[in-house]
Amino acid sequence: MRLLLILFIFHWGEAQLVAQPTKVIPLRFKPYFESNSSTLLNTTFHFNSADSIHFETLRFYISGIELQNQSKTVWKEKNSFHLVDAAQENSLTLLLTIPKKLEYNTILFHLGIDSNTNTAGVLGGDLDPTKGMYWTWQSGYINVKLEGKSNLVNTTSHAFEFHLGGYLNPFQTLQTITIPCIQKEELTLSIDLKQFIELANLTGTHQVMSPNEEAVKLSKLFANCFSGK
Amino acid sequence: MKKSITFVILLSTIAIAFKSGEQTSMKVPSGWPKPNYDFAKHPLKRSTIELGRALFYDPILSRNNTISCASCHSPYNAFTHVDHALSHGIEDKIGTRNSPALMNLAWNKLFMWDGAVNNIEVQALAPMHNKVEMDETIEHVVTKLQASKIYPPLFRKAFGDSVITGENTLKAIGQFMLTLVSANAKYDSVMRHQSKFTMQEENGYRLFKMHCVVCHTEPLFTNHSFENNGLSVDTALNDYGRIRISHHYNDSLKFKVPTLRNIEYSYPYMHDGRFKTLTAVLKHYTSGIQKSKTLSPKLEQPIVLSANEQVDLTAFLLTLSDKSFLFNPNFAYPKHILLP
């Protein structure tokens, strides 16, 4: 019995020695409409002299995070599914546990949830359907939810509602985002919503609630708003 | 020391044996294809099935606690809603479709009449959130279940945690539905050489294989495809079926081919319940087909059946009734849980 215990301790110690030392780096998402404004939600922004907008909801899935060095993957996050919610300060920062001496120059991730996960049945954690990011009238995750009001919307409520998702062709909405980054103690990715709104044409389209051509187009536009600036 | 080691080993053996007693497996009926659901990855567990059964029969899943899954999927009617062409849900609101009969769901790839749902584990979300069915949300269901007296212990038994999640709630309902297997009709006993068709049934089976089997493929009596079977569009409902989900023009007017098992009990028929009797169904296939671009090629040529042949075909269809399924006590209302 004692011998077994000694052997166990020996192997455990060995495993600890072999394991690479790690560090935690925060990956922060900073969605903004005006770069100098600290809050995004429920703040009215004026732009283009006569237009205004305010956002009520911004939620999106980030998945499959990896780090690359010279175009080669050097680290991949396991079980990498995160719901980022502008209303939940904590969710805007993801903590990545990576090897201490890892060299990388690019971060890559998906905006949304991949097809395999979309068909894998019910899942938990950030993927639990209680998170309000799963369609119920048909199967599939909503990759991005953006809601608010703007004078650009020609209805009495002036409301816009974008629920972007779809995992089947021809309306596959998953986007892959690759951003060059330098090795620092933390990574910050900005999301420029002004760029999105200016290109989205709210006057023409203010409601997207199912997988369709508009959802694909807007998903691409939204993905283009991420930068390492 | 040796004695204590032996005791520990003995205890853990008992624990493992007890735990494995919780696991149960899906017995695939002989001659049936491999189920589509991955049981190796998601094994069935008795306590999860039992929890799912309680949830299936509990109106707590609806906004005002009046409608359960069983309201539209009654076990004695092959888990569907008889008497109503279009099923009625909360506050007697009427939907646009006839509730489908639930059985042999482990073999399905897609669910609902238009295949909107891709996995049985997420199927219950659809009626739960539908405004005219249960008009509830999974978030609120979880809150109600957590506050109830009976559910936290049942979740602890099933999932090792009394903190209730949407994932576990839906998983449990899915596991119960997976156990609804009907494979013991007269047809099955004839195939197993345990009994014989009457002459009339035998002739009906011959006609069935001539005219129906391409879509209603044995042994599940569906090929799980979506077909336009020549029904005219109900202009009050304007339901064009699968096209709503796939956005493919070719899918206009296509609906899931339903199983014919227990058809005697699952009336009325078709996605909108427009036919009350099998006689009306056969009349449609012999003289009511509406031609359109997406009509199933198998129905291009009219099916010719004499009056006697229609009677024989019906006699065969009645051999698909499985009373051991309809009256299986394991599928019935769990009085011991919900009304202790």
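1. Contact here means that heavy atoms lie within 4.5 Å. Helices (H or I, at least four residues) and strands (E, at least two) are DSSP runs numbered from the N terminus. The model is predicted, so local features need pLDDT of at least 70 and side-chain atom pairs count only at pLDDT 80 or more, while totals for chains, interfaces and linings use all residues. Residues are numbered from 1 along each chain as its sequence is written, chains are lettered from A and ligands numbered from 1 in the order in which they are written, and side-chain values use heavy atoms, with hydrogens and water left out.

2. Helix H6 of chain B covers residues 151-159, and its buried residues are B:Tyr151, B:Pro152, B:Phe155 and B:Ala158. Buried means under 20% relative accessible area, exposed over 50%, and partly exposed in between (1.4 Å probe, protein chains only). Seen down the axis of H6(B), these buried residues fall within an arc of 130 degrees, so they line one face of the helix; the arc is that of the directions from the helix axis to the C-beta atoms. An α-helix has 3.6 residues a turn, so residues three or four places apart point the same way. The face of H6(B) turned away from the buried side carries the exposed residues B:Arg156 and B:Lys157.

3. Against which elements do the buried residues of H6(B) pack? They pack against strand E2 (44-45) and against the helices H2 (46-57), H5 (138-147), H7 (166-178) and H14 (335-338) of chain B. Just after H6(B), B:Gly160 takes a positive phi of about 75 degrees.

4. A nonpolar core is a set of buried Ala, Val, Leu, Ile, Met, Phe, Trp, Tyr and Cys residues joined through side-chain atoms within 4.5 Å. The largest such core has 67 residues, and those with the most contacts inside it are B:Leu55, B:Phe56, B:Leu61, B:Phe79, B:Leu145 and B:Tyr151. Among the elements of chain B that give two or more residues to this core are H2, H5, H6 and H7. A second, separate core has 53 residues, including A:Leu96, A:Phe162, A:Ile179 and A:Cys181.

5. Not counting residues up to four places away in sequence, B:Phe79 touches, among others, B:Phe56, B:Tyr57, B:Pro100, B:Leu180, B:Phe325 and B:Phe331.

6. At what angle do H2(B) and H7(B) pack? The angle is about 95 degrees, and the axes are 7 Å apart. Axes are lines fitted to C-alpha atoms, for helices over the stretch in contact, and angles run from 0 to 180 degrees between N-to-C directions. That angle makes H2(B) roughly perpendicular to H7(B) (under 35 degrees counts as roughly parallel, over 145 as roughly antiparallel, 65 to 115 as roughly perpendicular and the rest as oblique). Residues making the contact include B:Leu55 and B:Phe56 of H2(B) and B:Ile173 and B:Phe176 of H7(B). The residues of this contact divide into 9 nonpolar, 4 polar and 1 charged; Ala, Val, Leu, Ile, Met, Phe, Trp, Tyr, Cys and Pro count as nonpolar, Asp, Glu, Lys and Arg as charged, and the others, Gly among them, as polar.

7. The bond from A:Asn169 to A:Pro170 is cis, with omega near 5 degrees, and A:Pro170 lies in the loop between strands E9 (159-165) and E10 (175-180) of chain A. The bond from B:Tyr267 to B:Pro268 is also cis, with omega near -10 degrees; B:Pro268 is in the loop between strand E4 (255-256) and helix H11 (278-288) of chain B.

8. B:Phe221 has a positive phi of about 60 degrees although it is not a glycine. B:Phe221 lies in the loop between helix H9 (199-211) and strand E3 (226-227) of chain B and is buried, with a relative accessible area of 0%. B:Leu253, another residue other than glycine, has a positive phi near 70 degrees, and B:Leu253 is buried at 16% relative accessible area.

9. Chain A has 4 helices and 13 strands, and 50% of its 229 residues count as buried. The C-alpha trace of chain A spans about 80 × 40 × 30 Å along its principal axes.
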